[in-house]
Amino acid sequence: MQNVSEPHDWAREELRALFDLPLSELLFRAQSIHRENFDPAAVQISTLLSIKTGGCPEDCAYCPQSAQYDTGVPAEKLMPLDAVLAEARAARAAGAGRFCMGAAWRSPKDRDLDAVCAMVEGVKALGLETCATLGMLTAAQAGKLKVAGLDYYNHNLDSSPEFYGEIITTRTYDDRLQTLEYVRAAGIHVCCGGIVGMGETREDRVGMITTLANLPVHPESVPINMLVRVAGTPLGDAPALDPLEFVRTVAVARITMPKSMVRLSAGRESMSEEVQALCFLAGANSIFCGPKLLTTPNPERDRDRELMDRLGLSPMR
Ligand code: SF4
């Protein structure tokens, strides 16, 4: 998927200059690169299921699943295999090509990992691509997931190296990069992006995209999330970010990682359809479908289908 000649040595000044372009120029450049690499009318559709919700020991300031914040999200046990497979069948029937399973763990225990491996095998047997997000992994755990048939592992960098410590204190940026290295070394595709609207500066957004674009291999999927402000989390009252700044972030991700799938992830529920259309113009070509993203709301499938019809977009096969 990766072209070795793609640049992986982006300088922050270059990204700053991209962010500073007039919006029409930025969108033109992003859309031109998008067309060189993808069918501009095709959007990859993923479904995300929380297989183990709440009670997480980490302190990610945006997350309603952290046990450190009182958000009303109950701590649940790992879902049984047959219930996960029933959800995967429903997602496939609704047009999803990829099924992502998320668990609110700091890192999986080996016993839990065996259960997740059985889920990966089952979902794969349904003809869906598989993705998991389970927290930090060891090299051996990444190897086991690969053997089970895992196609993608999601582990986000969240923000710039400088801002990261304002958001999470229970694990470091380097811990995250280490897990990404293990995943890559195991031969699993990497899904890695971040969140905007957490009170970071534009320079932090520049720093986040620069870090992603300078990974030795670009992540195959780059989710760009708009913060969903959840009451009870430290970011519950964060000031809203200008949606056009979100569009710019998507465009710069597209330009600097031309062959990656750039995904509109959390925060679409509160975005106007016009802003979502601008994001597609900026080179986004993947969305999460389904009424929930782990624990926060997401547009209903019918609304997504109607929006895609109005924009003339079709699911990527
Ligand atoms: S984002 Fe993940 S690791 Fe952080 S608190 Fe939420 S579930 Fe835990």
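Is D158 buried or exposed? I looked this up first, and D158 comes out buried, at 2% relative accessibility (buried is under 20% relative accessible area, exposed over 50%, partly exposed in between, with a 1.4 Å probe and protein chains only).

Ground rules before going on. I am working on a predicted model, where local features need pLDDT of at least 70, side-chain atom pairs count only at pLDDT 80 or more, and totals for chains, interfaces and linings use all residues. Residues are numbered from 1 along each chain as its sequence is written, and side-chain values use heavy atoms, with hydrogens and water left out.

**D158, backbone.** I found D158 in the loop between strand 4 (152-154) and helix 6 (161-167) (helices are DSSP runs of H or I with at least four residues, strands are E runs of at least two, both numbered from the N terminus). Its phi is near 75 degrees, a positive value in a residue other than glycine.

**T233.** Next loop: T233 sits between strand 7 (221-226) and helix 9. I get a relative accessible area of 8% for T233, so it counts as buried. A polar atom of the T233 side chain lies 2.6 Å from the backbone oxygen of V230. Skipping neighbours within four places in sequence, I list A61, Y62, C63, P64, Y69 and T71 as contacts of T233 (contact means heavy atoms within 4.5 Å).

**Helix 2 on helix 9.** Helix 2 (residues 23-37) packs on helix 9 (residues 243-256) at about 40 degrees, axes 9 Å apart (axes are lines fitted to C-alpha atoms over the stretch in contact, angles run from 0 to 180 degrees between N-to-C directions). Among the contact residues I noted L26, A30 and I33 of helix 2, and V247, A251 and I255 of helix 9. The contact divides into ten nonpolar, one polar and three charged residues.

**Helix 3 on helix 4.** The axes of helix 3 (residues 81-93) and helix 4 (residues 110-125) come within 10 Å and cross at roughly 35 degrees. L81, V84, L85 and A88 of helix 3 meet A118, M119, G122 and V123 of helix 4.

Methods:
Nonpolar A, V, L, I, M, F, W, Y, C, P; charged D, E, K, R; others polar. Polar contact = N/O pair within 3.5 Å; in protein donor to acceptor, adjacent residues only side chain to side chain.
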